[in-house]
Amino acid sequence: GGGGDNYPELPTNADTYDPFRMTWSCSHPGYEEGICTLCGEACPGHTGGEATCEKQAVCTICGASYGDTPAHEMDDTTGLCTSGCGKMVAEASVTVGENTTYYGTLNAAIQAVRAATAGDNATVRLEQSIDLGDDFPDVSSGVFTLDLNGNTLASERYGLRMENAHVTITDSKEGGTLSGDSYGVYARNCTVEIRGGTVIGNNEG
């Protein structure tokens, strides 16, 4: 008779029949959040896609996001991220003459002007607002201008701690603030000129 042409009953979690093994299996026709919508199995292994600094890679099998997002990679001639977002990721820049270099941290920018003299006309400019928490900018030498550039530099200790240096604080835009919970500016054996911005601190030093 023709009974041999009859398939076993179709299960609710499969859609593909193997006539040799006489078994049903799932072709995984679709996934939601990495789980097959038919059989309930997880994606066999996320693969493919490309992660950026803002988004995880997207699996080419199930469409789920997976893995880590890479750190920002900075172009030191623009301060912009080259890992995908294109945002300003530099905390500060240093301009000496017509040359400007961007730095990932304010302290790195300050280190770059330790040997600056009055003739260099060096300027450290904040490129974004920074909350340093328990850390603080520590200036141990150099002659330079700190341009708040309309941003806020805040610390739980010193907005700026200086020794044996000459720093002029300016604000090329409006709203720049230098704030320290202990001292807005703590200066020892140095000269500080405040020509712009707002300096906030509970003590004077």
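Is Asp 138 buried or partly exposed, and what is its relative accessible area? Asp 138 is partly exposed, with a relative accessible area of 34%; buried means under 20%, exposed over 50%, and partly exposed in between (1.4 Å probe, protein chains only).

## Model and confidence

This is a predicted model, in which local features need pLDDT of at least 70, side-chain atom pairs count only at pLDDT 80 or more, and totals for chains, interfaces and linings use all residues. Residues are numbered from 1 along each chain as its sequence is written, and side-chain values use heavy atoms, with hydrogens and water left out.

The average pLDDT (the predictor's confidence in each residue, from 0 to 100) is 89 for the chain, and 95% of the residues score at least 70.

## Salt bridges

Six salt bridges are present, each defined as a side-chain nitrogen of Lys or Arg within 4 Å of a carboxyl oxygen of Asp or Glu. One of them joins Arg 161 to Asp 138 at 3.4 Å, N to O. Arg 161 lies in strand 14 (residues 158-163) and Asp 138 in strand 11 (residues 138-139), so this pair ties together parts that are 23 residues apart in sequence.

Glu 163 is partly exposed at 22% relative accessibility. Elsewhere, Glu 193 meets Arg 195 at 2.7 Å, N to O; Glu 193 is partly exposed at 26%, whereas Arg 195 is exposed at 62%.

Note on methods: Helices (H or I, at least four residues) and strands (E, at least two) are DSSP runs, numbered from the N terminus.
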